[in-house]
Number of protein chains: 2
Amino acid sequence: MTATERVDLAVADLHPALGDPALTSMNFLNEVSERYPAAVSLAAGRPYEEFFDLAAVHRHLDTFHRHLVDDLGHRPEQARRLLLQYGRTKGIVHHLIARNLAVDEGITVDGEDIVVTVGCQEAMFLVLRALRAGPTDVLLAVAPTYVGLTGAARLVDLPVWPVAGGPSGIDLADLAAQVRRARAAGLRPRACYLMPDFANPSGVSIDTAHRRRLLELAGQEELLLLEDNPYGLFPVDDGPRPPTLKALDTARRVVYLGSFAKTVLPGARVGYVVADQRVAGPDGRVGPFADQLAMIKSMVTVNTSPIAQAVIGGRLLEHGCSLVAANTRERSAYTRNLRHLVAGLARRFPPGADGAAAVRWTVPAGGFFVVVTVPFPVDDALLDRSARDHGVLWTPMAHFYDDTAPVHALRLSVSAVTPEQIDVGLDRLAALITDERARRAG
Amino acid sequence: MTATERVDLAVADLHPALGDPALTSMNFLNEVSERYPAAVSLAAGRPYEEFFDLAAVHRHLDTFHRHLVDDLGHRPEQARRLLLQYGRTKGIVHHLIARNLAVDEGITVDGEDIVVTVGCQEAMFLVLRALRAGPTDVLLAVAPTYVGLTGAARLVDLPVWPVAGGPSGIDLADLAAQVRRARAAGLRPRACYLMPDFANPSGVSIDTAHRRRLLELAGQEELLLLEDNPYGLFPVDDGPRPPTLKALDTARRVVYLGSFAKTVLPGARVGYVVADQRVAGPDGRVGPFADQLAMIKSMVTVNTSPIAQAVIGGRLLEHGCSLVAANTRERSAYTRNLRHLVAGLARRFPPGADGAAAVRWTVPAGGFFVVVTVPFPVDDALLDRSARDHGVLWTPMAHFYDDTAPVHALRLSVSAVTPEQIDVGLDRLAALITDERARRAG
């Protein structure tokens with residue numbers, strides 16, 4: 001770029017989302033990590049890649065192809081067409097996803113209620129696009145909120161109203177109050193978005209009794225719940241996992257958002273949405289909400305690559321459609337890392353040392369994320385210093401709140417590092433915190 | 001579904017696009033073809049699938065992987081990460097697409113100005129989402145218009161203003177008049193969408209001199225042109241193809257939309273957009289429009305499956321990045337079919353037989369589509385009768401106009417049939433036309 005370069009467009013003349021922190025903050029975080037490639041990253045929420053294997057991709061493709069021919073009785077040219085031609089908008093692995101949900105989650109769902117999407121991000125986008133009918137619609141979301149949800153909402157001009165998360169995962173009194181407040185203001189809350197299991201970024205999970213109360217409240221308030229569940233298969237402890245909201249949902253209150261990025265491969269870009277709500281058309285015909293989402297999808301991405309779907313389908317078939325079974329190694333790695341991180345924090349920040357100015361952290365029961373609270377505000381400038389002077393990356397929690405209030409916390413991720421990298425990263429984080437305290441004291 | 005079934009939502013409570021013909025018409029066409037699976041389809045615009053080959057998919061993946069290691073010098077774990085992990089929002093085959101555009105189209109473009117998308121549909125969607133800044137924005141589009149464009153515009157609440165196509169492919173006087181009319185109404189025309197080569201559905205191409213005049217007018221009116229080019233590689237005659245608008249574009253007026261669905265495989269769902277317009281951000285930083293599109297993409301689908309991109313990349317590498325070279329067999333098949341269809345129409349509807357009530361058709365210089373004009377309006381009811389009573393499918397041209405005026409024409413596609421199926425299909429179409437004339441006469 002030169003100073004005299006001709007400019008063709010200004011961001012101000014484009015969709016307002018493009019100037020919005022919900023979209024630009026992701027860019028900022030990526031830029032920091034590109035500028036400091038040698039820094040240890042406790043920021044990245046990417047899955048562990050030690051077990052990635054290109055040979056497995058070839059194998060999964062062939063496994064799914066054999067399934068089409070041997071199990072489903074397709075002729076070779078039909079199977080080839082399914083894999084390589086344009087195809088069904090709702091996808092071609094819906095039957096395997098339905099089986100997976102039955103096997104792993106106890107969710108009973110008709111394959112016709114599933115739309116296979118380009119990652120879970122497209123699933124969120126389609127649902128928000130469908131639900132935003134006009135300017136009085138708003139979306140409730142448990143705060144702190146996943147940035148991808150806020151960004152998708154911006155793209156469809158749908159305001160996000162925060163609902164307090166708190167220690168239980170969702171503050172039901174606040175949920176009811178926000179619904180009332182929105183309605184009193186002439187607005188229409190269309191749904192409430194949340195991650196009940198090891199949420200990104202809070203790490204908090206909702207217990208079973210609280211899930212039931214949430215469903216009851218959603219019924220009373222005639223509110224949809226958008227349940228996002230990318231991390232549910234990675235609990236630290238053995239034993240039964242709490243049922244998903246969708247498994248407890250007897251009144252079609254829950255739209256379930258699924259991802260294979262963490263349980264199979266991010267590079268397939270395959271996710272899905274279960275949308276069994278019954279929708280009446282103008283002609284009186286009734287069909288699943290999934291069909292409406294598919295109609296939108298046909299104008300966004302047409303269908304999800306059947307080649308990518310086949311990779312996911314093959315992996316599912318190789319493990320009897322159980323991703324619990326498919327992820328034993330991955331779960332061990334995440335559990336090891338999470339325990340190592342929490343123990344490392346406890347060693348570096350012993351209790352009682354600083355009183356009210358103490359460093360505190362969450363101890364999540366699973367997932368990828370730990371939130372560390374520090375006695376000073378955590379902003380992008382601090383992250384930049386952390387990367388430059390201390391060689392460690394993390395995510396300011398302020399990025400997950402839809403306002404500009406200062407936040408005294410940061411998110412650490414354990415998913416894409418080794419225990420050795422965690423040790424180095426925590427040493428550097430401790431040094432940063434010491435420096436920052438000194439800077440502020442002096 | 002039962003009569004007493006509880007309904008959870010009504011289409012009227014969802015985004016207005018969901019009740020719109022632009023989205024529902026596609027569904028109607030799919031439903032007709034599903035209801036009459038034995039009918040010969042001269043409706044489907046799918047590419048010829050005789051040459052599809054699953055073994056080639058495996059080979060392309062390996063070819064691209066070798067390219068990453070041998071040509072680009074990536075270590076094995078880096079190559080694995082590029083193919084299987086989350087990655088660059090703008091894609092990983094941009095350098096090969098840039099080379100392809102240079103080799104086949106004489107377009108010189110920086111890889112950083114390219115966003116690899118989930119099919120060309122996502123490319124259109126991202127561009128329209130970016131350009132729709134507010135309620136006074138409108139999009140111009142050459143009519144008749146590809147339904148996917150109209151549908152994407154509906155999803156971002158962007159009105160589509162038709163511009164007359166006519167025999168030259170775009171009526172420049174009408175374009176200038178529509179721009180004036182829109183501006184006089186306080187509206188802001190953001191761009192004009194068109195397919196200069198063998199357009200869907202008209203089959204019409206724009207000649208080189210007219211392309212230059214269009215670019216000149218776009219410069220005068222400060223209008224972007226959205227050039228969609230899925231069929232350009234399939235001319236009937238040998239000899240030089242006319243340059244794309246982008247190849248002639250010296251003032252960054254053209255956003256170029258590319259598809260690999262017809263030139264490689266629909267099942268990869270890979271397309272791209274070339275967006276080299278310079279955009280100034282609120283902080284004064286200037287970057288390509290591609291970066292703004294990528295920011296939107298990060299909230300729609302994150303990135304395009306690198307596995308799917310690798311399939312395209314491998315195919316490009318196997319043919320020195322020339323899709324002209326890669327498509328010699330395909331081009332022969334389309335040329336054979338197009339000639340066969342036009343000859344078959346001439347045989348069945350000899351000139352002079354009916355005077356003003358004659359059946360007429362276009363003779364396109366390439367691509368997939370022929371438009372047949374008949375002496376009566378062509379609507380969905382006629383298509384339904386055609387499928388049921390005569391066993392032949394085609395597309396009512398009315399679907400490509402954004403109003404409800406009757407249209408006396410239908411679109412025939414030659415891409416997914418054999419010459420034998422064309423013969424049967426045309427016999428049945430002739431019988432339908434005879435019947436319909438008799439019905440209207442009697």
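Mentor: What follows goes from sheets to helix pairs, then to domains and loops.

First, the ground rules. This is a predicted model, in which local features need pLDDT of at least 70, side-chain atom pairs count only at pLDDT 80 or more, and totals for chains, interfaces and linings use all residues. Residues are numbered from 1 along each chain as its sequence is written, chains are lettered from A and ligands numbered from 1 in the order in which they are written, and side-chain values use heavy atoms, with hydrogens and water left out.

Now some terms. Helices (H or I, at least four residues) and strands (E, at least two) are DSSP runs, numbered from the N terminus. Two strands pair if DSSP finds at least two bridges between them. Strands of a sheet pair through backbone hydrogen bonds, either parallel or antiparallel. Contact means heavy atoms within 4.5 Å. Axes are lines fitted to C-alpha atoms, for helices over the stretch in contact, and angles run from 0 to 180 degrees between N-to-C directions.

Start with the sheet in chain A. Seven strands form an open sheet with mixed pairing, in the order β3-β9-β8-β7-β6-β4-β5. Its edge strands are β3 (114-117) and β5 of chain A, and each pairs on one side only. From one strand to the next, the twist averages 20°.

Look at the β3 end. Four bridges join β3(A) to strand β9 (residues 271-274) of chain A, and the two run antiparallel. In this pair, V116(A) stands opposite Y272(A). Helix α4 (residues 94-105) of chain A lies across β3, β8 (254-259) and β9 of chain A, at about 105° to β3(A). Helix α10 (residues 289-297) of chain A also lies across β3, β8 and β9 of chain A, but runs at about 30° to β3(A).

Three strands form an open sheet in the order β1(A)-β10(B)-β11(B), with mixed pairing. β1 (9-10) of chain A and β11 (286-288) of chain B each have a single partner strand, so one side of each is left without a neighbour in the sheet. Strand β10 (residues 278-280) of chain B is joined to β11(B) by three bridges, and these two run antiparallel. A280(B) stands opposite V286(B) in β11(B). Helix α10 (residues 289-297) of chain B packs on this sheet, touching β1 of chain A together with β10 and β11 of chain B, and its direction makes about 75° with that of β11(B).

Now the helix pairs. Angles under 35 degrees count as roughly parallel, over 145 as roughly antiparallel, 65 to 115 as roughly perpendicular and the rest as oblique. A crossing is left-handed if the near helix is turned anticlockwise from the far one by less than a right angle, and right-handed if clockwise. For residue classes, Ala, Val, Leu, Ile, Met, Phe, Trp, Tyr, Cys and Pro count as nonpolar, Asp, Glu, Lys and Arg as charged, and the others, Gly among them, as polar.

Take chain B. Helix α5 (residues 119-131) of chain B packs on helix α6 (residues 147-155) of chain B at an angle of about 40°, with axes 9 Å apart. That angle makes α5(B) oblique to α6(B). The crossing of α5(B) past α6(B) is right-handed. On α5(B), the contact is made by Q121(B), M124(B), F125(B) and L128(B), and on α6(B) by G148(B), L149(B), A152(B), A153(B) and L155(B). By class, that contact of α5(B) with α6(B) has seven nonpolar, two polar and no charged residues.

Helix α13 (residues 328-348) of chain B and helix α15 (residues 419-441) of chain B cross at roughly 30°, and their axes come within 10 Å. That makes α13(B) roughly parallel to α15(B). Their crossing is right-handed. Among the residues that meet are R336(B) and H340(B) of α13(B), and D423(B) and D427(B) of α15(B). The contact of α13(B) with α15(B) has six nonpolar, three polar and five charged residues.

Last, domains and loops. An automatic or database domain assignment sets the bounds. Chain A is divided into domain 1 (11-50 + 328-441) and domain 2 (58-326). In chain A, 29 residues of domain 1 are in contact with 31 residues of domain 2. The peptide bond from A143(A) to P144(A) is cis, with omega near 0°. P144(A) lies in the loop between β4 (137-143) and α6 (147-155) of chain A.
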